[in-house]
Amino acid sequence: SLGDIPAFDVAAAHDLYGKLLQPVEAAWLNAKSLLIVADGALGQLPFSLLPVKPVKLKRDNRLLFEGYKAVPWLAKTHSVTLLPSVASLKSLRGTRVAAGPRRPFAGFGDPYFNRPQFLSARKTLQPFEVAAGPVQTASLRSKPATRTAGSVTIENLPRLPDTRTEIEDIAHALKADSNRDIFLGEKASEDTVKSMDLSPYRVISFATHGLVPGDLNGLSQPALALSAPSVTRGKEDGLLTMGEILGLKLNADWAVLSACNTAAADGKGAEAISGLGRAFFYAGARALLVSNWPVHSGATTDLMTTLFNLQARNPGLSRAESLRRTRLHMIEKGSARVDGKTAFSYAHPIFWAPFTLVGDGGGAQSGS
């Protein structure tokens, strides 16, 4: 329930800011965009959620979590891009956009992992719901709990029906051809991805489970889970592995891994980011958007829709700045609505901070 979401420890977060960024503050404070190469576990820390000043949370007045609006987050003043290495920036920015006509978006979401999911797909599931009485619940796109099971295949993965809405909303924002460029349900298949020409697309999104080695029987590489062969009747196994991603030919400004499992049960989640991310970079993507924890369904749809509407309206805006402004929107104006009424604010960082921009955040602007 929403009451189970812990209070964000702003004091500890500011203490971390004091250890990591404040000692060199004079060198970067007047900049607008920060490029960070983080080591080890810091690679999974969204630096944007660090408060730059000591602060005490204000009490919520009308909405749950609205006290977080007043926190001086780093996101309010600076955009942040994570880099795999210093050299990677030169490599990514040195990649020229291939000539020829480009399409705005290709999206893959709501795959079916078994026949029962396929047969029940028409049932409507709300992104979040409010239980009877004062307890409110929030749907999270959690990583599949497979590590404790003796034998797990793609057929055991839970469906993510709300990812369908997200893909459709991004397609609408970018004015994509939904009949040609959107692949949902049984169409979100490995056969489809590997057989089509992805090079014309500016933005490519995979809204599904991200898996790390050991999550499924025999899985030895990070992978994206797509519709199972029992549903598609295709030749592939439904797992788009790191090696197979390396074989794709992309020319994408963004590759979005939404609802991706980036934190494995054994603490080796950073390998999933670096493995899948490195594969997408080698395949031709200039920037990657990944999640650092299980994301709230409604907030993620709001974030993605806002982000790509902003990009569509402001084609000269850098990717990093677009994400920063989207975070500000989530903090200041974002909220969940139930039965036509505002239920709670998205100002808590659990809603607006999970997604990290990795790679070239500069985009159309070159002054990062």
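Author: Buried means under 20% relative accessible area, exposed means over 50%, and partly exposed lies in between, with a 1.4 Å probe and protein chains only. This is a predicted model, where local features need pLDDT of at least 70, side-chain atom pairs count only at pLDDT 80 or more, and totals for chains, interfaces and linings use all residues. Residues are numbered from 1 along each chain as its sequence is written, and side-chain values use heavy atoms, with hydrogens and water left out.

Reader: What share of the residues of the protein chain counts as buried?

Author: The protein chain has 368 residues. Its secondary structure comprises 13 helices and 17 strands. Helices (H or I, at least four residues) and strands (E, at least two) are DSSP runs, numbered from the N terminus. The share that counts as buried is 53%.

Reader: What share of the contacts with a separation of 6 or more comes from residues 24 or more positions apart?

Author: Contact means heavy atoms within 4.5 Å. Among contacts in the protein chain with a separation of 6 or more, residues 24 or more positions apart account for 78%.

Reader: Is His-209 buried or exposed?

Author: Start with its place: His-209 is in the loop between β8 (201-207) and β9 (210-211). A polar atom of the His-209 side chain lies 2.7 Å from the backbone oxygen of Pro-158. The relative accessible area of His-209 is 1%, so this residue counts as buried.

Reader: How does Gly-100 count by relative accessibility?

Author: Gly-100 is in the loop between α3 (86-93) and β3 (103-109). Its C-alpha atom is separated by 9.9 Å from that of Ser-199, 99 residues apart along the chain. The relative accessibility of Gly-100 is 48%, so Gly-100 counts as partly exposed.

Reader: Which element gives the most to the lining of the largest cavity?

Author: A cavity is a set of points on a 1 Å grid over the protein atoms alone where a 1.4 Å probe fits but cannot get out; lining residues have an atom within 4 Å of a point. The structure holds 1 cavity of 30 Å³ or more. With 3 residues, the one that gives the most is β2.

Reader: What is the volume of the largest cavity?

Author: The lining includes Phe-47, Val-80 and Arg-327. A volume is the space filled by probe spheres set on the points, with grid points joined across faces, edges and corners. For the largest cavity, that volume is about 70 Å³.

How values were computed. On a 1 Å grid over the protein atoms alone, a cavity is a set of points where a 1.4 Å probe fits but cannot get out, and a pocket is an open set with protein on both sides within 12 Å along at least five of seven lines; lining residues have an atom within 4 Å of a point. A polar contact is a pair of N or O atoms within 3.5 Å; within protein, one must be able to donate a hydrogen and the other to accept it, and residues adjacent in sequence count only if both atoms are side-chain atoms.
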